[in-house]
Amino acid sequence: VEEQRARWERKRSRTAKKLLETEYKYLEQLDLVITFFVKILKAKGTLKPPVLETIFGPLESIYLASHVLSFHLERGNLGSGLEDFCPNLELYGHYVENLEQANKTLKEQLRKNKSFRRFKKLQETRPQFQGRKLEDLLPLPLQRLHQYNHFLRDLVENTSPSSADHQKLAKAAKSVSDVSHWVQDIICKRENSLQLLRVQKLLKGQQTRVLTPGWYIREGWLLVVPSKGGELKRRMFFLFSDIFIATKPCHPLHLLNSNKLACRAVYPLHQCTVNKVFGHTQGQGGLLSLSFPRKTLLLMSNDQQDINDWYQSLTAAIR
């Protein structure tokens, strides 16, 4: 028991030391943004207050919260320091929610606002920035949240359950984990929106709408086997959580749509069943059968791994 406690204590001390060291580094980087951008821009009025707020969000509040946390960590108040810090984690969620809009507004201002463009370039040449751009520093809170997650988990694992700190650290770890899930959800939704937008732009015309609440899953080329025999047709398929879309390339010489895909069919997944016809054994490719109320699709690939991946994705989407 004594040996176990000694091992815990050594690991806990190492993690606490690393947490403090990285907190100093994090504060140093945040300080660059606040000192050389936020404060000076506020004083000069180069950006209007709403624009400034959109680009930098609650960064000053995040900085102050970390400053207080580092003060506690220096004194070894791990449990109480992290417990007091947890209510500030909501700032991280709001910061990430706004990050896409912040980047968009920053690009817009750089394009339209000549004095801000000059100011930004000048500030980034300062030796303190070491060649980093403002765009490199804005995602810092998101990166730091991931680090907090790992540090807190390690601290809980290496703190004796009978210790007074254990409960406080476990509570703090839960708070960090909850906010990390919230942030991950924001990122997933954003990535999904970008995928939906990309697919929508690939499709010719406006008749097929994929910008619905559905989730993008995958895409790829498959061969359609005609039910009454005949030539195999190569088609590009897009799988979403609610629909399965079959498309074919537009004519390469078409003036407007040479790089686009024409939608051939949209299949709703709620009444679909999928089966492997062959591709169960190690061999060349495989064949899938997709049954809909009024249609059966036979889809083939010469790559067995590809057909297995499609089978798993379709099965999961239907389920």
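Over residues 11-186 the chain is 83% helix and 0% strand, with the end C-alpha atoms 33 Å apart. Helices (H or I, at least four residues) and strands (E, at least two) are DSSP runs, numbered from the N terminus. This is a predicted model, in which local features need pLDDT of at least 70, side-chain atom pairs count only at pLDDT 80 or more, and totals for chains, interfaces and linings use all residues. Residues are numbered from 1 along each chain as its sequence is written, and side-chain values use heavy atoms, with hydrogens and water left out.

Biologist: What does UniProt list for residues 11-186?
Modeller: The record is an unreviewed entry. UniProt positions are given in the numbering used here, feature names are shortened, and annotations may be inferred rather than shown by experiment. For residues 11-186 the entry lists "domain: DH".

Biologist: How many Å separate the centres of domain 1 and domain 2?
Modeller: The domain assignment gives domain 1 as 1-194 and domain 2 as 205-317; such bounds come from an automatic or database assignment. Taken over C-alpha atoms, the separation of the two centres is 43 Å.

Biologist: Are helix 5 and helix 9 roughly parallel or roughly antiparallel to each other?
Modeller: Their axes, lines fitted to C-alpha atoms over the stretch in contact, have angles that run from 0 to 180 degrees between N-to-C directions. The two axes come within 9 Å and cross at roughly 10°. Angles under 35 degrees count as roughly parallel, over 145 as roughly antiparallel, 65 to 115 as roughly perpendicular and the rest as oblique. Helix 5 and helix 9 are therefore roughly parallel.

Biologist: Which residues in helix 9 does helix 5 meet?
Modeller: Contact means heavy atoms within 4.5 Å. On the helix 5 side, the residues include Leu 89, Tyr 92, Val 96 and Glu 100. In helix 9 they meet Ser 175, Val 176, Val 179, Trp 182, Val 183, Ile 186 and Arg 190.

Biologist: Is Phe 119 buried or exposed?
Modeller: Phe 119 lies in helix 6 and, leaving aside neighbours within four places in sequence, is in contact with Phe 36, Phe 37, Ile 40, Leu 41 and Lys 44. Buried means under 20% relative accessible area, exposed over 50%, partly exposed in between (1.4 Å probe, protein chains only). Because its relative accessible area is 9%, Phe 119 is buried.

Biologist: Where is Gln 130 found?
Modeller: Gln 130 has a phi near 50°, a positive value in a residue other than glycine. At 63% relative accessibility, Gln 130 counts as exposed. Gln 130 is in the loop between helix 6 (114-124) and helix 7 (134-137).
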